[in-house]
Protein chains: 2
Amino acid sequence: MPLQIGFLIFPNMMPLDMVGPYEVFGKMPDTEVHLVWKSLGPVTVAGGRQLVPSTTFSECPALDLICVPGGSGINPLLNDAETLEFVRRQANNARYITSVCTGSLVLGAAGLLKGKRAATHWMSREMLAHFGAIPIAERVVIDGNVITGGGVTAGVDFGITAAAELFGPEVAKTIQLAIEYDPAPPFEAGSPDRAGEAIVASAHASAAKRQAERQIAVERAAARLRELEVAQAK
Amino acid sequence: MPLQIGFLIFPNMMPLDMVGPYEVFGKMPDTEVHLVWKSLGPVTVAGGRQLVPSTTFSECPALDLICVPGGSGINPLLNDAETLEFVRRQANNARYITSVCTGSLVLGAAGLLKGKRAATHWMSREMLAHFGAIPIAERVVIDGNVITGGGVTAGVDFGITAAAELFGPEVAKTIQLAIEYDPAPPFEAGSPDRAGEAIVASAHASAAKRQAERQIAVERAAARLRELEVAQAK
């Protein structure tokens, strides 16, 4: 049976978070890649495009690797019992539990990051601590069977890293060459440390509402998670 | 009226070629992004996913920037009169004529690269010369109003470069920070110069059929282009 990989897809997800590693995984030998959501109807993602799931929570086969992308659409997922239950159930048996960008907050809300080192988008990094995770300012973080990538474009670095874990470095390098991943960013502006104060302030300003809503959703999700743990401990 | 950007989308295109710059352009102020194809029905792209065009060749507004992504699906486009005519017509009035990966071969087949320096995927680079272009081994090449990106992942570098051309460096940097484009490739394998002989040989082997077919399509397209030029010169 081919290796089973599933991306959670959802309304208002960031397409590039998924398409970066999708392109990498699609080039791995003997691998089947699924796009999973609650139903098979088209999902409207950030930017207004539609993405068609290939399977549903109930029909999805047992995954060897589950990957949760990020985007503004994670906010409602943090307290969406059906989604968290699906992620938790798949994570139980998966070889790798993974995310790109703010997808790691969904892993956190599902209770999968307790005591784990994890990456996420720089602007939401400290929120990981609410779920008992250890926020790490790195492009890709591996902790046991949990592999998390940083913001958006880190999905390509994450994908190649995961390909190397699954199939070894030679396969990963062949894919890296096929997608000509030899980046040359035109500016030194990809991290808050180097973008300069004005650019960082502008990024914060344009995301203020989403981040404020996310903070509330994270705190609510963290409280639910503790409640669940207390109930299970009894 | 918002800035009008259109991506040509087509069967068997490489999704990441388009989604990289799409994410960048979608964050530019007062910009409308179109996905254009012959009809509005879903288009099956590389990897088997479906993409829904937002407009058609006949309905598409005049574009300020046209972008042609690449992928194995460019092979039939090189001799597809309807597509080449659409690209040529839009290019006539566009401020910028652009491509990612092997999309530049389509620009070439449309007669838009004569005497122009241009980039493409490393494996198809020399083919550009058939269309009178000057193949350049760089990540992003600007020659007049033609901006071309290298293979697949170069679309992000291309997108940020184009954003800077259109809106200046401050806007481009803010977008680069928002998508956390601070790459850290896990291997030094993104270009044929550094991937090592065995990896390069493996990449060539797995693409041999597609490249042989492409060579034929390029030569045929180049002959048609010369024929057109002779006819117009009379």
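Me: What does "buried" mean here?
Reply: A residue is called buried when its relative accessible area is under 20%. The model discussed here is a predicted one.

Me: How many residues of helix H1 of chain B are buried?
Reply: Eleven of the eleven residues in helix H1 (residues 15-25) of chain B are buried, so the helix is largely enclosed by the rest of the structure. Among them are Pro15(B), Asp17(B), Tyr22(B) and Phe25(B).

Me: Now the sheet. In what order do the strands of chain B lie?
Reply: The order is S5-S2-S1-S6-S7-S11-S10 in chain B, an open sheet of seven strands with mixed pairing.

Me: Which are the edge strands?
Reply: They are strand S5 (55-56) and strand S10 (140-143) of chain B, each of which pairs on one side only.

Me: Do S1 and S6 of chain B run parallel or antiparallel, and how many bridges join them?
Reply: Strand S1 (residues 3-8) and strand S6 (residues 65-68) of chain B run parallel, and three bridges join them. In one of these strands, S6(B), Ile66(B) is the bridge partner of Gly6(B).

Me: Which strands does helix H3 of chain B touch?
Reply: Helix H3 (residues 81-93) of chain B packs on the sheet and touches S1, strand S2 (31-37), S6 and strand S7 (96-99) of chain B. The direction of H3 makes about 150° with that of S6(B).

Me: Why do the copies meet through the same surface?
Reply: They do so because 100% of the interface residues of chain A are also interface residues in chain B.

Technical notes:
Residues numbered from 1 in each chain as written. Chains lettered and ligands numbered in written order. Predicted model: local features only at pLDDT ≥ 70, side-chain atom pairs only at ≥ 80, totals over all residues. Heavy atoms only, no water. Contact = heavy atoms within 4.5 Å. Pairing = 2+ DSSP bridges. Helix = DSSP H or I, 4+ residues; strand = E, 2+ residues; numbered from the N terminus. Axes fitted to C-alpha atoms, helices over the stretch in contact; angles between N-to-C directions. Buried < 20%, exposed > 50% of the residue type's maximum accessible area, 1.4 Å probe, protein only.
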